[in-house]
Amino acid sequence: MSLVVFESLKQIHCAQCRQGPLRRLVREAGVPRCLECADLGHLVYLPRGDVALTRRAREASSLCAVVVRFHKRRRRYERLGLLVEDAALARAERACLADAEARARRRERDRLRRAAEDSRFTAAFTAEILRLFPRCPADRAAAIAAHASLRGSGRVGRTAAGRALDEPAVSVAVRAAVRHTDTEYDALLMAGVPRFTARARLVAQIDAILDGWRAAAPREAA
């Protein structure tokens, strides 16, 4: 069982040394004593909040005490933190720091892995756009692929069909890019034109651009 130290806002003095008022005290035989008189004065306070640090400090400390305070409205004692040995807290902090560094290295490895995966996928998406639309400018195809496949965006390139490079999904991404970049679609929306009405107005214009991009690229002269 843990020793219990009470935190109090009352004007309480130590029954042994008479010092006070005491912020933290223990009760022995029903009387208050300060931490020095209770042989706990060498311990340091660790507030609650960091679960790993608290667990490690408690395990490393040969002597520790739970600090509690009475909550009037809830009518119960609530834990505030621990009193542990200074050396134990230092060891726990070093262990947690090492863990934090390891987690940071793992996050960086994961970030680099995701970046490489995203780069490969964007390149594959670009290649599929150029296969379906041979006359699409290469830089436009790359920009469309990068936009559609942005991780966490929820765009068509991140859907299951997009990840599989399904032709309808790739075509949807290209059509959306043309709609926003090569037509007055955004201006119509800003003018208050309903979305589906604006799209219907621009179908012929978008189809003409896509048909031009679908045309077979001219062969290079021998």
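Residues are numbered from 1 along each chain as its sequence is written, and side-chain values use heavy atoms, with hydrogens and water left out. Because the model is predicted, local features need pLDDT of at least 70 and side-chain atom pairs count only at pLDDT 80 or more, while totals for chains, interfaces and linings use all residues.

**View 1. Strand E6 pairs with strands E4 and E5.** Helices (H or I, at least four residues) and strands (E, at least two) are DSSP runs, numbered from the N terminus; two strands pair if DSSP finds at least two bridges between them. Start with E6 (residues 76-84), which runs antiparallel to E4 (residues 44-47) over four bridges. Here Tyr45 has Leu83 of E6 as its bridge partner. E5 (residues 65-71) is also antiparallel to E6, over seven bridges, and His71 stands opposite Arg76 in E6. Four residues lie between the strands of the E5 and E6 hairpin, where Arg75 takes a positive phi near 55 degrees.

**View 2. A closer look at Glu78 in strand E6.** The side chain of Glu78 meets that of Arg76 in a polar contact at 3.3 Å. Such a contact is a pair of N or O atoms within 3.5 Å; within protein, one must be able to donate a hydrogen and the other to accept it, and residues adjacent in sequence count only if both atoms are side-chain atoms. Leaving aside residues up to four places away in sequence, Glu78 touches Val67, Val68, Arg69 and His71 (contact means heavy atoms within 4.5 Å).

**View 3. The largest nonpolar core has 23 residues.** A nonpolar core is a set of buried Ala, Val, Leu, Ile, Met, Phe, Trp, Tyr and Cys residues joined through side-chain atoms within 4.5 Å; buried means under 20% relative accessible area, exposed over 50%, and partly exposed in between (1.4 Å probe, protein chains only). Phe125, Ile129, Phe133, Ile144, Val174, Leu210 and Trp213 touch the most other members. Helices H2 (86-132), H3 (138-148), H5 (167-181), H6 (185-190) and H7 (195-214) each supply at least two residues of this core. Apart from it lies another core, of 11 residues, including Cys64 and Leu82.

View 4. Most residues other than glycine have a negative phi, and most peptide bonds are trans. Arg18, however, has a positive phi of about 70 degrees, and it counts as exposed at 62% relative accessibility. A cis peptide bond joins Gly20 to Pro21, with omega about 0 degrees.
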